Amino acid sequence: MAVKDYRLWLTVLLVGLSFLVLLYKRSSHYWARYRRTKELQNPPLQYIDIAASLLVAFLTTVVVLYWKSILSLFLVSASDEFRWFLVCLVGMVGIWTVKLFHPSNAASSTSLTLKQNQSAEIFDDPITRDEEDILNRVEFVNALTDQIVGLPLRAPYVFSLDGGWGEGKTSVLNLLQRRLRRNPDAILVSFNPWYVSTDASLVNSFYSALERAVLREYSCVGIRRTIHRYRDLLTPGLKFLGVDFTFSDDPIALHNEIANFINHTGRRLIIIIDDIDRLRSSQVEALFKLIGLTARFRNTIFVLCFDHSMIHKLLKDAINVDPAYLEKIIQQIVKLPAAEQKLIDRFLLMSDSLDTGKHRSAIDRLFDTLKIDDSVRNNFDEKMVGFYQPSFKKLFTNLRQAKRYLNSLRGSLPAVVHEVNLFDFCLLEAIRVNWPALYKDIWVNPWFYVPAWTMELKLADPLPGGADERSREIDEHINLILQGLHQADVARVILEELFFVQIESGFHGRGVNHSGSAATYRSEKRLTHPECFPKYFMYRSPIDDIPDSLVSKFLSDLNALDQSAAEVFVDTTFSKYKEDEKLTQFVGKIAIFSQLLNQERLQAVVRGLYRTAPLLDRRNLEVWRTEYARAERLILRLINDRAKDDDLRLLLEDVVGNSDLALAALITYSCHRAAQVSMFNIAERANLGHLRTIITERLAAYLIEGGRDIFDVMPADANFVLSEWGSDWRTCNGNSKALVESYVLKLSQKTPRRVIDILSGFVRHFAGFDSPGTFDFPHFEKVHDPKIFMELVLQMKGTVPMTEKDQKVVLLYEETYKKWLQKQSGE
């Protein structure tokens with residue numbers, strides 16, 4: 001019957017579309033579960049498989065039987081509206097199906113597969129394939145397989161595979177089982193008693209494994225019942241509602257029945273039992289009794305896997321059984337071949353060169369994943385290879401130890417990889433894995449390990465101040481901690497390598513002073529530096545600290561820019577850290593990592609610093625710790641350390657000629673030889689005379705020609721600038737003294753108070769500000785004429801109100817002046 005009302009079909013179509021939309025989320029979720037199940041190695045049969053098979057069979061049958069009627073219905077009787085309805089319906093269902101079944105997670109699945117393949121080499125799972133064999137034990141497994149298969153039939157036999165913890169016994173068993181499963185003459189039974197929770201269930205679990213192995217090969221209900229009956233005979237009587245059930249079967253008859261079945265197959269029953277050395281003493285005793293009974297079956301071979309020394313000790317100490325008891329059960333002991341140390345070294349650390357081979361060590365693969373810079377890796381390789389051979393490799397005598405260490409390193413290093421020294425972190429991680437108590441002591445008692453180079457550590461340091469006493473207490477503490485540790489000699493060598501400033505000097509009595517190298521250790525992010533120390537344990541930078549990685553990235557980004565863009569970038573970054581009140585710290589860290597800065601971008605940083613200087617904080621009782629002072633020191637350090645001679649002179653002239661006047665005066669003063677410290681050699685390389693000319697001209701133009709009072713425009717630096725300017729930066733050359741003297745006379749005539757202000761700048765309080773102080777007359781004499789200044793003092797008296805402090809300053813000058821006059825008269 002033809003239907004012509006299109007509204008009916010449109011309504012049905014909309015209802016169907018709504019139905020598909022409502023079902024999409026639930027269906028997509030179910031399809032994802034179904035697809036993941038199908039991706040398993042041996043996917044189980046699911047209900048949807050059965051339903052789909054039945055539906056396809058039903059539709060196929062209907063089409064085959066009624067295809068003519070179906071064609072007639074759809075091509076002849078149907079209306080146009082119905083045909084359009086079918087086209088739209090099929091299209092909707094098709095789009096819905098494609099969207100639902102499309103494997104959108106294929107890429108992530110591939111990535112997961114790759115990670116799983118790599119994990120077989122890293123994580124501590126026993127290997128299952130020959131390709132995973134790192135220790136070259138395939139030949140040993142082949143020989144053991146041939147020996148087992150080559151034994152004559154009928155006689156039962158018990159092998160024992162003897163190996164220590166972590167030496168790879170289970171991996172060898174996995175490779176052995178892989179070969180035996182392919183042998184048509186073997187019926188393989190794999191049993192692990194470690195998974196059995198109670199002694200009573202040991203027999204039941206063993207014979208259940210035997211039953212599964214037999215029924216996997218043969219369909220024989222009778223042997224199944226026989227195994228059950230024999231198993232029940234060997235287990236204690238069952239109790240149910242207070243009633244004991246016992247069995248009247250003859251154990252010898254059941255034993256013979258099972259033995260005859262095995263004999264009639266013409267195949268060997270090979271039973272492999274692993275992890276015996278993990279069992280409790282009572283379980284070990286029960287297991288060997290069970291093996292003794294089962295080993296009487298003909299054509300039966302046992303391969304037992306355990307550490308003989310451990311089982312001997314357990315039998316003797318725990319259950320008072322003579323270890324010779326095992327000789328009655330085991331016919332042949334097969335010693336697991338020792339792992340060649342070179343293979344472990346190759347797995348852990350030693351990669352082939354890129355030119356000669358493709359092997360990458362596990363540590364190199366980890367570093368590849370973390371994208372560690374080549375320069376950092378080269379530094380690590382240089383240190384680690386030399387340290388590994390004599391000492392470090394003693395910690396990795398088997399593959400499990402190496403993998404255990406790598407697992408720990410893989411979990412901790414990524415979070416802090418750019419904040420630590422790679423070599424130091426790897427050594428410290430070895431301490432954490434092998435000696436947790438020592439690791440905790442390092443964190444809890446840092447003063448025994450790192451020098452007190454920070455104020456925080458100095459305040460917390462309980463050790464005495466004398467060098468000999470400190471060394472003695474450190475030595476005693478470390479010896480106490482190391483006492484009783486396994487491989488204490490290796491732990492000591494690692495401690496000396498990591499904490500060479502404190503511990504190595506204390507042990508050997510060398511008493512080396514490393515304070516001059518503190519800046520180098522900080523730039524290398526060494527564990528021994530107290531600013532780096534917390535990062536190794538917290539796996540992050542302290543909360544208020546700017547991570548080293550941000551500073552390194554800033555310098556790296558800066559190096560990639562051209563000059564104009566670099567200057568904008570520096571100004572923007574400095575402004576950001578100034579707003580965050582972290583500019584002092586940021587400037588200090590630039591100084592630490594200044595070696596990362598290209599010479600071409602040195603000018604951008606220097607200009608950024610001197611442009612920012614006027615905005616920097618100068619409020620601090622300790623002037624050298626202010627933002628301003630740090631910026632000045634960083635400018636000098638960058639120019640001194642990074643600039644070539646010609647560039648150095650140009651940069652200094654740029655700073656002195658364009659920076660804030662106070663900063664320019666300070667830079668000029670610091671460049672003078674008299675103000676040098678050992679870390680700077682600018683005086684030998686700079687044109688100091690030209691620098692003094694530049695700053696003198698700038699000061700004269702700004703203050704004298706501009707008619708400005710220096711105490712108004714530069715109150716914090718007035719005395720410093722006048723004294724250095726007047727003494728021509730302590731060279732006493734040129735006419736600067738006369739120029740400054742003339743300027744000061746004009747200031748005192750306009751503002752008599754300036755006489756006291758100037759005198760105050762030459763009073764030195766060596767015992768605190770409340771002490772009387774002394775007057776620095778020698779330097780005063782280089783800047784001012786004492787006689788002229790005495791006349792100014794006399795003119796000022798009675799005209800300027802003076803505080804008690806002012807009166808002390810004037811009195812101190814008068815007394816010092818009289819002594820000077822007497823000395824002049826005596827001469």
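How are α12 and α15 oriented to each other, roughly parallel or roughly antiparallel? α12 and α15 are roughly parallel to each other, the term for angles under 35 degrees, with those over 145 counting as roughly antiparallel, 65 to 115 as roughly perpendicular and the rest as oblique. This is a predicted model, in which local features need pLDDT of at least 70 and side-chain atom pairs count only at pLDDT 80 or more, while totals for chains, interfaces and linings use all residues. Residues are numbered from 1 along each chain as its sequence is written, and side-chain values use heavy atoms, with hydrogens and water left out.

**Helix α12 with helix α15**
- Helix α12 (residues 341-348) and α15 cross at roughly 15°, and their axes come within 10 Å; axes are lines fitted to C-alpha atoms, for helices over the stretch in contact, and angles run from 0 to 180 degrees between N-to-C directions.
- Helices (H or I, at least four residues) and strands (E, at least two) are DSSP runs, numbered from the N terminus.
- The crossing of α12 past α15 is right-handed (the near helix is turned clockwise from the far one by less than a right angle; left-handed if anticlockwise).
- From α12, I344, F347 and L348 meet L399, A402, K403, Y405 and L406 of α15, where contact means heavy atoms within 4.5 Å.
- This contact of α12 with α15 comprises seven nonpolar, no polar and one charged residues; Ala, Val, Leu, Ile, Met, Phe, Trp, Tyr, Cys and Pro count as nonpolar, Asp, Glu, Lys and Arg as charged, and the others, Gly among them, as polar.

**Helix α16 with helix α20**
- Helix α16 (residues 422-434) packs against helix α20 (residues 488-498) at an angle of about 150°, with the axes 10 Å apart.
- The two helices, α16 and α20, are therefore roughly antiparallel to each other, and α16 passes α20 in a left-handed crossing.
- F423, D424, L427, L428 and I431 of α16 make the contact with I494, L495, E497 and L498 of α20.
- Seven nonpolar, no polar and two charged residues form the contact of α16 with α20.

**Helix α33 with helix α34**
- Helix α33 (residues 718-726) and helix α34 (residues 736-750) cross at roughly 140°, their axes coming within 8 Å, which makes α33 oblique to α34.
- In α33, L722, W725 and G726 meet S736, K737, L739, V740 and Y743 in α34.
- The contact of α33 with α34 divides into five nonpolar, two polar and one charged residues.

**Second largest pocket**
- The lining of the second largest pocket has 41 residues, with P126, T170, S171, N174 and D274 nearest the pocket centre.
- α6 (169-181) gives the most to this lining, with 10 residues.
- By class, the lining of the second largest pocket holds 15 nonpolar, 10 polar and 16 charged residues.
- A pocket, on a 1 Å grid over the protein atoms alone, is an open set of points where a 1.4 Å probe fits, with protein on both sides within 12 Å along at least five of seven lines; lining residues have an atom within 4 Å of a point.
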